[in-house]
Every structure is written in structure tokens, then in C-alpha cells.
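Welcome to this short tour!

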Amino acid sequence: MNHGIVIIGSGFAARQLVKNIRKHDAQVPVRMIAADSMDEYNKPDLSHVISLNQRADDLTRQRAGEFAEQFNLTLNANSWVSEINTRERLVKCGDQQWPYDKLVLATGSSALLPPIAGKELMLTLNSQQEYLACETSLHDARRVMILGGGLIGTELAMDFCRAGKQVILVDNASSLLASLMPAEVSSRLQQRLNQMGVELLFNQRLESLSKTPQGINAALSNGRIVNVDAVVAAIGLHPNVGLAQHTGLAVNRGIQVNRQLQTSDANIYALGDCAEIDGKVLPFLQPIQFSAMTLAKNLLGAADGLNLPAMLVKVKTPELPLHLAGETQRNDLAWQICAEPQGLIAKGYDEAQQLRAFIVSEAHMKLAFGLLRELQL
């Protein structure tokens, strides 16, 4: 009997996989199981909800039922998977269970919280559900602290500032986007945020949070106490690997998969934020799209290896947008930086004078695709 494909998760990775499966096979049984409502929304939109004055419901693009009908699926929403029986190939949710031929874990990731006193006072914006839980607090807040100066923290800081809020960004690094690019490149964006009124506190740690009648007191490592109305954690994501661990699959930072996206169990695959490929977790849209294309073919009988080309990462900061690609975090690159009023072009070269990374901003972003081809030579 053909039990088909079961997918645990309903986010971007799971939906991309379904769409790619249906391009090749309209009939293979596909079941999706997830703990949420399974309505579709665009996760990157969470970086702009405050300045656009949007509510959580405004983010919904397609209801679960419409998606199921369009792509001929069986959906089990609001269902927590309690166990995977690999011997009998069964997925269990409480007193229900479903068989599978091939199983895909697309369990996503969760926002990290620092191990500090008062961390329960922090808000996270990693899903539509999380935003729904805190949207009133964030809309009403006048003073907001963002913990983390990476991609998401930077985008949120600009968005909250554009919404007219007083924003303080705290990071223990010495510059913005420190894990993505050198300080001499990110300084342009740093300056723009300063001009907008964002207070940037680098080389600082958040030590504790405490509730007060006036809001929240945030204690910093330099002894300063800052009173704010809301604190948002944006210090990174942790792949959701609990179910995989419980099942006995090989797990490192993420669920370990080979180039076919196959886990240590030949009938189970992993995709998206939760998957670790060649020691890397790649929680960006383009790698997930390429992975979904490859995995769809493999679930239907192929054995293709994932081959990721050089891909663009977009920093969604409307007042000073950036595109970057390549190994921008490498410390051994020699950077050539051309900063002009209309934008920045930064190119990182290795010892052999091979282009290994680039970052472009504003009007120069149109150069990105040409530079991307140069990276791939």
C-alpha cells in the first residue's frame, strides 16, 4: 500500500517542498502535520510589521484549507507530534497515528533567549503566532530595546525607529552585523541608524531584566540601567531538533543530513531551518528553495545531491538596503571599498586575487547579479 509522504511542519520550507512535489507528481499522497493553524504567511514580513502598523492577521496570505485544496493534501493542523516509530514507519499525535513511506522533518527553528534573570520578559518575533502574542505590547511601546545587532535585530531596529519609537540596540560585538561583514563595511548602515535616532550600544551585554511600574529595567554589563517598555530578543535562532533527538536521529547543531537531504534514517529527511548540511545551518530563503527542489525529486525516487550556487542575502533595511553574497565573514579577505553618495561597493579578495565576497548598497544593488556571476567563476 502506498502511504506516501508525511511532512512535519507547515512553514516556508514545507510549502516549497509541497509545490515542488506537485510539479512532478499530482497524485502521490502527501500529509502535512503541524502544531499551528497552517495558514500561510511570509516570515520576512515580520521585519516590517510595526512601521506598516500591521496586525498579525494582516500577514496571512492563504488559509490552510485553500492550500490543501490547491495542492491535493491532507492537513492535520494544531497537532503536536509525540513520537515517530521508525521501525513501523508511524507518526503519532496523541491517540492518532499515520503511516509513511517517506518522512520529512521541516520543524523550523526557535528564537534564542539569553540565560539571564528576567528573560521571560523578552519578546520574540520568529513567527506569526509569536507576533500575535505580543503585537499590542509592541504597538503601545514607546521605548524598545533590541538585543542583537545581526540581520534580524538590525532590520527590527530600523523598523521600530521608522514607526516613531525610541530604539536602543545592544550587542556584545563591536559593530553592526559583525558575523556577516567587517566593521568598515557595516559602518555605513551603522551611521544611518544613528542619524535616524537609534542608540547603538556595542561591546555590551544585557545582564538582567526586571519589571517596574514604569516598564522594564534593563541592566547592562557597564552598570547602566535603561528603562524601556519592551525588550525584543534577536540574538539568533536554534534549530528545532527535539523530535529528531527523541527519534534517535543524528543531531549536531541541526538535524544532520547528507547531500540528498537524508538523515541517519534512510526513510527520513530534513529540510529548512532545522537541517544541517555539511556542518552548516542555512536559514535563508534561497538555500531552502534549492533544497526543496532537490528533495522533491529524491522523495519521488531520484538520488540527486544538493548543489548550492553563490546566493544573495538581502538586508531589509529600507533607509539603506544592502545585498551581500559569498564568504563575507572571512577574516583573511582583502576588502576594496568604494563608498559614494549613491551607495557602497565592497569586494573581498583572497590571496590569489579571486573575488570571494561582495556587499553592495542602495543604487549599486543593481550590480549584485553581475558580481554573483563573477563569484561563481
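Start with Leu261, which sits in the loop between β19 (255-257) and β20 (268-270). Keep in mind that this model is predicted. Leu261 is not a glycine, yet its phi is positive, at about 70°. What makes that worth a look? Most residues other than glycine have a negative phi. Is Leu261 buried or exposed? With a relative accessible area of 0%, Leu261 counts as buried, because the cut-off for that word is under 20%.

Next, select Asp278, found in the loop between β21 (275-277) and β22 (280-281). Asp278 is another residue other than glycine with a positive phi, this time near 50°. Its relative accessibility is 54%, so Asp278 is classed as exposed, the cut-off being over 50%.

Now move along to strand β27 by selecting residues 355-361. How many of its seven residues are buried? Six are, so the strand is mostly covered.

On β24 (residues 322-326), five bridges link the strand to β27 in the antiparallel sense. To see a facing pair, pick Gly326 and look across to Ala357 in β27.

Select β26 (residues 343-349) as well: β26 and β27 also run antiparallel and are joined by five bridges. Here Tyr349 has Leu355 of β27 as its bridge partner.

For the last stop, follow the hairpin of β26 and β27 through the five residues between the strands. Click on Gln353 there, and you will find a positive phi near 60°.

Key:
Residues are numbered from 1 along each chain as its sequence is written. This is a predicted model: local features need pLDDT of at least 70, side-chain atom pairs count only at pLDDT 80 or more; totals for chains, interfaces and linings use all residues. Side-chain values use heavy atoms; hydrogens and water are left out. Buried means under 20% relative accessible area, exposed over 50%, partly exposed in between (1.4 Å probe, protein chains only). Helices (H or I, at least four residues) and strands (E, at least two) are DSSP runs, numbered from the N terminus. Two strands pair if DSSP finds at least two bridges between them.
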